[in-house]
Amino acid sequence: MAGGTRPDRDGASIGAVLEALRPEFPDVTISKIRFLESEGLVTPERTPSGYRRFTDSDVDRLRFVLSAQRDQYLPLKVIRERLDRGAPQRPAVVALVEPVPADGFLTRAEVAEQADVPAELMRELEEYGLLRPGPDGRFDAAAVAIAQTAAALAEHGIEPRHLRAHRAAADRAVGLVEQVVAPMRRQRDPAAGKRAAEVADELAELSVGLHALLVRTGLRG
């Protein structure tokens, strides 16, 4: 990163990192980078004044994480495990989640196969509202990551029936976000639609981060 994107030899500021990532990941925000830092996916150094300084290695890790989320819908737990194993700078072509159909939707069997979960778990995830098929009975690609995460929780004895509160909390969060972005979407300016999507994404990340903090704080208490 040159030409002003690296403020000093000690590393790049978070703003410079955002500028470097934006061409490839237009939806990335400073809040997103901070959230990934809070999740331990990247650990920039801090100056004596408390400012973040990102190395080239930090930026490579961020590119890997963002690519894995965007292209493969991998949960952060899986991404972290890959990074801990010394993952390449970009996700491999053959990944845990296989390419989705051209229209971006999967059948129930395809979700179960790609997530490597039994049909019974799929049935329970639908029964308790964790997975919601569309009118044609198919699911978007995010269903794979949801099924994988639910399977990982089930290994610890947390079954889909225990996760109904998560579904309810997510629905409430969606309602709050919709209240904020709805006025933007009603505007005729084409830029307003893009701004609404950016704000919705940022609010979603903040909601997830707050939930994680509350859970961790509760466990420590």
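Helices here are DSSP runs of H or I, at least four residues long, numbered from the N terminus. With that settled, here are a few notes on this predicted model.

1. A loop residue to look at: Asp-116 sits in the loop that joins helix 5 (108-115) to helix 6 (119-127). Its phi is near 60°, a positive value in a residue other than glycine. Most residues other than glycine have a negative phi. Asp-116 is also exposed, with a relative accessible area of 68%.

2. Helix 2 against helix 9: the axes of helix 2 (residues 30-38) and helix 9 (residues 190-220) come within 9 Å and cross at roughly 25°. Angles under 35 degrees count as roughly parallel, so helix 2 is roughly parallel to helix 9. The crossing is left-handed.

3. Who makes that contact: helix 2 brings Ser-31, Lys-32, Phe-35 and Ser-38, while helix 9 brings Glu-202, Glu-205, Leu-206, Val-208, Gly-209 and Arg-216. Sorted by class, the residues of this contact are 3 nonpolar, 3 polar and 4 charged.

4. Helix 2 against helix 3: here the axes lie 12 Å apart, and helix 2 packs on helix 3 (residues 56-72) at an angle of about 100°. The two helices are therefore roughly perpendicular to each other.

5. Who makes this second contact: Lys-32, Ile-33 and Leu-36 come from helix 2, and Leu-62, Val-65, Leu-66 and Gln-69 from helix 3. By class there are 5 nonpolar residues, 1 polar and 1 charged in the contact of helix 2 with helix 3.

Note on methods:
Residues are numbered from 1 along each chain as its sequence is written. This is a predicted model: local features need pLDDT of at least 70, side-chain atom pairs count only at pLDDT 80 or more; totals for chains, interfaces and linings use all residues. Side-chain values use heavy atoms; hydrogens and water are left out. Axes are lines fitted to C-alpha atoms, for helices over the stretch in contact, and angles run from 0 to 180 degrees between N-to-C directions. Angles under 35 degrees count as roughly parallel, over 145 as roughly antiparallel, 65 to 115 as roughly perpendicular and the rest as oblique. A crossing is left-handed if the near helix is turned anticlockwise from the far one by less than a right angle, and right-handed if clockwise. Contact means heavy atoms within 4.5 Å. Ala, Val, Leu, Ile, Met, Phe, Trp, Tyr, Cys and Pro count as nonpolar, Asp, Glu, Lys and Arg as charged, and the others, Gly among them, as polar. Buried means under 20% relative accessible area, exposed over 50%, partly exposed in between (1.4 Å probe, protein chains only).
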